[in-house]
Every structure is written in C-alpha cells, then in structure tokens.
Amino acid sequence: MQARLAVISDVHGNAPALDAALSAIEEDHVAGLVCLGDSVGYGASPHRCVERLLELGARLVAHVRGNHEEALFSAESFAEMNPTARKAILWSARSLAPSHRAWLARCPGVASLGPVQLVHDNPIPATSTYLRDATAACQAFRGVASEICLVGHTHVPLLFETTRPEPDAEPHPEEVIAHLLHPDEPFALEQGRRYILNPGSVGQPRDGDPRASYGVLDLDRRTFTLRRVEYDVAAAQRAMQEAGLPDPLAERLAIGA
Ligand code: ZN
C-alpha cells in the first residue's frame, strides 16, 4: 500500500485543469494517484484527459467509474441526467477513442486500497445521494467498512469525521462532524475514527473557488491536505465554445459554481 497518494476527482474533460493539477502533483512527492471518476462529461477534452490518465501508467493506482462514465454505457444512468449534462455526454461519447471507452467500461464502481475505500458518489451501493452535509454523511457511514472512504461527485472539498470506529456502523448525528478544508493546511486523521474525504473537483469546482482542486492523503503522517491550483480557465472555455458545448457549462468555470 502506497503511503502518500494524490486524490483527484471530477476532471470532467477539462484538460487545462488536469494539466495544471498533474504538474502541481509533481511537487507533492506522492507514490501514486487515485481518481474518483467523472473524468469525462461537461468539458471539451475527454479524449485528452483519458489519454493523460493512461499515460500515468502504474502511477494511477485506481480509477473508479463516475456517473458520467456510467451514462456512457447505461441508458438508465443517461436518462437520470439533466439535458445539459446529456448533451455533453453525447458529445464526449463521440470524441473518445474506442480504446478509451473500453478502458472506462472496465473501471470498477468501487475499489479498496488497504484502509482506504474509493467510490465516486456514495459508499452505500446503488445510492448516489450527494454527501453535502453531516446528515447525509451520517447515513453514508453505514457503507464505510474501512477507516477512510474517498468520495467525489459534489465538486466541493469537504471532510466528514465520525467518532464511531466500527465498520459499517451508522453514527448518531452528534457523532459526525463536517469540516471545511483549507488549502495547504494538513488535516490530522485520528486513530479510532472513520472519515469520508472529498478532494473537490479538478475540472469543475463548485465551491466558489474556480481553481482546480485535489487532495493529498498521507497514510504515514495520517493527514489529508487540500490543494488548489490556478489554471487557464479561458482556454478551457474557448475549447468548449469551439466544440459547441452548452454555454452555461463554460460560464460556470469562471466562478467555480
Ligand atoms: Zn462530477
């Protein structure tokens, strides 16, 4: 088990943001990277993003499938999306190489690495409820069998902590705390607790900060650290306009919403 990992999620076909995050990760001296899914959808460069992830080779320790990847392969998941997201998925499906589609189809829905479990949206199987607050996290801890569960999906970096260490136990509401994460300030993970960690989104942040977001999980030092990286938002927007993707998708990148 590699002890220091970069955690990326929700790249959403945004190549300038992924490039900036991968360059910054070079400085984090990690043993590997994990990706929590939704590498495609919304943005204009799904092909380039999958290519860059594949170029990481064995350094990409795990990539779980997100709901946008599900929508490429499942009519049911596609039907659950809003019309704007559907347009982007249809566009992404056309621009991905067959080998990229095959790779995404092979990515598992969940993965585990030692004390860490990885899932795109919610650790309870077949549930995609957004983990935006302690109430939602409380129920989700029922699906957290290990010490740490990494999730994406909300595009908002957030950490949930419970004092109930037993695997799969649902804590009482007063036993769950939601913590906002501040860039470059390591959050200490205590023994005898369970955590749900969300690194935010590389390619479409929604917490009011347009910078690309990712996390560094250090299992030796027992810390989780949020990172934010500036990238060329205008270049990502131009590529989306040229691709004919819906304007609101490009506009939201500038405000991180
Ligand atoms: Zn997403």
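These notes walk through a predicted model, point by point.

1. **The zinc site.** Start with the metal. Four residues coordinate the zinc ion: Asp10 and Asp38 through OD atoms, His12 and His155 through NE2 atoms. The distances run from 2.0 to 2.5 Å. Along the chain, these donors follow the spacing D-x1-H-x25-D-x116-H. Asp38 and His155 link distant parts of the chain, being 117 residues apart. Asp38 sits in the loop between strand E2 (32-35) and helix H2 (46-55). His155 sits in the loop between strand E6 (148-150) and strand E7 (158-162). Both Asp38 and His155 are buried.

2. **The geometry at zinc.** Why is the arrangement around the zinc ion irregular? Look at the angles. The 4 donor atoms subtend angles of 87 to 174°, and this makes the arrangement irregular. To count as tetrahedral, four donors need all angles between 85 and 135 degrees. For comparison, the ideal angle for four tetrahedral donors is 109.5 degrees.

3. **The sheet.** Next, the strands. An open sheet is built from 6 strands, in the order E3-E2-E1-E11-E12-E9, with mixed pairing. Strand E3 (60-63) and strand E9 (187-188) stand at the edges. Each has a single partner strand, so one side of each is left without a neighbour in the sheet.

4. **Inside the sheet.** Strand E11 (residues 212-218) and strand E12 (residues 223-229) run antiparallel and are joined by 7 bridges. Ser213 stands opposite Arg228 in E12. Helix H1 (residues 15-26) lies across strand E1 (4-8), E2, E11 and E12. The angle between H1 and E11 is about 30°.

5. Now turn to strand E4 (residues 110-113). Ala111 and Leu113 make up its covered face, while Val110 and Ser112 make up the uncovered one. E4 runs antiparallel to strand E5 (residues 116-119), and 4 bridges join the two. Leu113 has Val116 as its bridge partner in E5. The hairpin of E4 and E5 has 2 residues between the strands. Gly114 in this hairpin takes a positive phi near 55°.

6. **Helix H8 and Met240.** Is Met240 buried or exposed? Its relative accessible area is 4%, so Met240 is buried. This residue is found in helix H8 (residues 233-243). Other buried residues of H8 include Val233, Ala235, Ala236 and Gln237. The cover over the buried residues of H8 includes H1 and helix H9 (247-255). Leaving out residues up to four places away in sequence, Met240 touches Tyr42, Gly43, Ala44, Leu245, Leu249, Ala250 and Leu253. Just after H8, Gly244 takes a positive phi of about 75°.

7. How far apart are Met240 and Ser112 in space? C-alpha to C-alpha, they are 34 Å apart. In sequence, 128 residues separate Met240 and Ser112.

8. How many salt bridges does a search of the whole structure find? The search finds 18. One of them joins Arg52 to Glu55, with the closest N and O atoms 3.9 Å apart. Arg52 and Glu55 are 3 residues apart in helix H2, so about one helical turn separates them. In an α-helix, residues three or four places apart point the same way, because there are 3.6 residues a turn. Arg52 has 22% relative accessibility and so counts as partly exposed. Glu55 is exposed, at 52% relative accessible area.

9. **Salt bridges elsewhere.** The side chains of Glu70 and Arg65 meet in a salt bridge, with N to O at 3.1 Å. Glu70 has a relative accessible area of 25%, so Glu70 is partly exposed. Glu175 forms a salt bridge with Arg164, where the closest N and O atoms are 3.5 Å apart. Glu175 lies in the loop between E7 and strand E8 (176-179), and Arg164 also lies in the loop between E7 and E8. Those two residues are 11 residues apart. Arg164 counts as partly exposed, at 21% relative accessibility.

10. Salt bridges can share partners. Asp19, Arg48, Glu51, Arg52 and Glu55 are joined into one network in this way.

How values were computed:
Residues numbered from 1 in each chain as written. Predicted model: local features only at pLDDT ≥ 70, side-chain atom pairs only at ≥ 80, totals over all residues. Heavy atoms only, no water. Donors = N, O, S within 2.8 Å, 3.2 Å for Na, K, Ca; no water. Tetrahedral: all angles 85-135°; square planar, octahedral: opposite > 155°, others 65-115°. Buried < 20%, exposed > 50% of the residue type's maximum accessible area, 1.4 Å probe, protein only. Pairing = 2+ DSSP bridges. Contact = heavy atoms within 4.5 Å. Axes fitted to C-alpha atoms, helices over the stretch in contact; angles between N-to-C directions. Salt bridge = Lys/Arg side-chain N within 4 Å of Asp/Glu carboxyl O.
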